[in-house]
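Subject: Structure for you to look at

Hi there,

Here is the structure I promised to send over. Please open it next to this email, and my notes follow below.

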Amino acid sequence: MSMTVAEEESGEEVHVPGEIDWQMLDKSKFFFLGAALFSGVSATLYPVVVLKTRQQVAQSQVSCINTAFSLIRGEGFRALYRGFGTSLMGTIPARALYMAALEVTKSNVGTATVRFGLAEPTAAAVANAAAGLSAAMAAQLVWTPVDVVSQRLMVQGGCDSGNPKASAFRYINGIDAFRKILSSDGLRGLYRGFGISILTYAPSNAVWWASYSVAQRMVWGGVGYYLCKGGDSAANSALKPDTKTVMAVQGASAAVAGGMAALITMPLDTIKTRLQVLDGDENGRCRPTVMQTVRNLVKEGGWMACYRGLGPRWASMSMSATTMITTYEFLKRLSAKNQEVLT
């Protein structure tokens, strides 16, 4: 679905580069370049994820800055990347599943909604929401075990000394953690929190992609008004923004969508993290339930305890959304079979 932002009163238009759908992509280039680009994005944002996870499993409210200083002072800078190897190994297959599900669903649902007679803006929002939902559900098949292992490594040395429900195991690396979790809890241990992960990430992605679609149109409307206001109607009747403007609009729209999704789904993310990291009792034999986790959170700090780590998560999701979407759109343009579609 292409997107043209028009100024209704003046009849002037801003022609935005057309959408590159699944059929227009060179799949091998798309997946290979995607793995490389998103690995770099993950490496940049990983320390923020570690801080967010530490805050979520803490028994009292601690600021992000104090958490960072305490972590570095007690465990060194390397602690900010604890579990990163495991996370990176899972990123490649998870991203491949995510991107494939996203593009296939967006293309098919977008075509179907237009055929049903929905207006293009509504059809785009519905297609993006459905695509985000299906992509998140597909990726969680890989991400949940990776999350369980990497988060256990992230909090090791942090929550275990002060939290009686912390895992009794000590892990040397990701492979060691994988073996011990599989040995003690079986396959269910690696998929601990799978249901709540789906409930967290599926709505979050649906909200994010729908919000991104709406925010992008709103921002383009403002950019179109600003550009068209600057000159005469004849000269500006078919404005074509340059690449920098396109990327700036995409980045700003993604940041707005990321912040909104973080705020809405934060309590579910906190519950999910605790389910995956903490045990139900001191001997670690009882798996915690969602209700037990919620009760413990409320007992520790009231309902606001569900929003522990909101600052890092807000920053992480906004920065991740901005870098992800600009990287993603750049990746799609690099992977287009016919480069003429870019103009």
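The lining of the largest cavity is made up of 16 nonpolar, 10 polar and 6 charged residues. In this classing, Ala, Val, Leu, Ile, Met, Phe, Trp, Tyr, Cys and Pro are nonpolar, Asp, Glu, Lys and Arg are charged, and the others, Gly among them, are polar. A cavity here is a set of points, on a 1 Å grid over the protein atoms alone, where a 1.4 Å probe fits but cannot get out, and its lining residues have an atom within 4 Å of a point.

Please keep in mind that this is a predicted model: local features need pLDDT of at least 70 and side-chain atom pairs count only at pLDDT 80 or more, while totals for chains, interfaces and linings use all residues. Residues are numbered from 1 along each chain as its sequence is written, and side-chain values use heavy atoms, with hydrogens and water left out.

Back to the cavity. The structure holds 2 cavities of 30 Å³ or more, and the largest has a volume of about 940 Å³. That volume is the space filled by probe spheres set on the grid points, which are joined across faces, edges and corners. Which residues lie nearest the centre of the largest cavity? They are R95, W143, Y201, M317 and S320, out of 32 lining residues. The elements giving two or more residues to this lining are α1 (27–57), α3 (84–115), α4 (120–155), α7 (194–229), α9 and α11. Of these, α4 gives the most, with 8 residues.

For the overall layout, the protein chain has 11 helices and 3 strands. Both are DSSP runs numbered from the N terminus: helices are H or I with at least four residues, and strands are E with at least two. Their order from the N terminus is β-β-α-α-α-α-α-α-α-α-β-α-α-α. Of the chain's 343 residues, 48% count as buried, where buried means under 20% relative accessible area (1.4 Å probe, protein chains only). Among the contacts with a separation of 6 or more, 81% are between residues 24 or more positions apart; a contact means heavy atoms within 4.5 Å.

Next, a pair of helices. Two packed helices are described by the angle and the distance between their axes. The axes of α9 (residues 243–277) and α11 (residues 310–334) come within 7 Å and cross at roughly 140 degrees. Those axes are lines fitted to C-alpha atoms over the stretch in contact, and angles run from 0 to 180 degrees between N-to-C directions. The contact of α9 with α11 has 12 nonpolar, 8 polar and 3 charged residues.

Two residues of α9 may be worth a click. K272 is in helix α9, and K272 counts as buried because its relative accessibility is 0%. Leaving out residues up to four places away in sequence, K272 touches D147, Q151, G193, I196, S197, T200 and Y201. S253 also lies in α9. Is S253 buried or exposed? S253 counts as buried, because its relative accessibility is 0%.

Finally, have a look at F84 and S42. F84 is found in helix α3, and S42 is found in helix α1. F84 is buried, with a relative accessible area of 16%, and S42 is buried at 17%. The two are 42 residues apart in sequence and 8.9 Å apart in space, C-alpha to C-alpha. Not counting residues up to four places away in sequence, F84 touches S42, A43 and Y46, while S42 touches F84 and T91. S42 and M324 are 282 residues apart along the chain, with their C-alpha atoms separated by 9.4 Å.

Best wishes

Terms used: 1 Å grid on protein atoms, 1.4 Å probe; cavity = no way out; pocket = protein on both sides within 12 Å on 5 of 7 lines; lining within 4 Å. Buried < 20%, exposed > 50% of the residue type's maximum accessible area, 1.4 Å probe, protein only.
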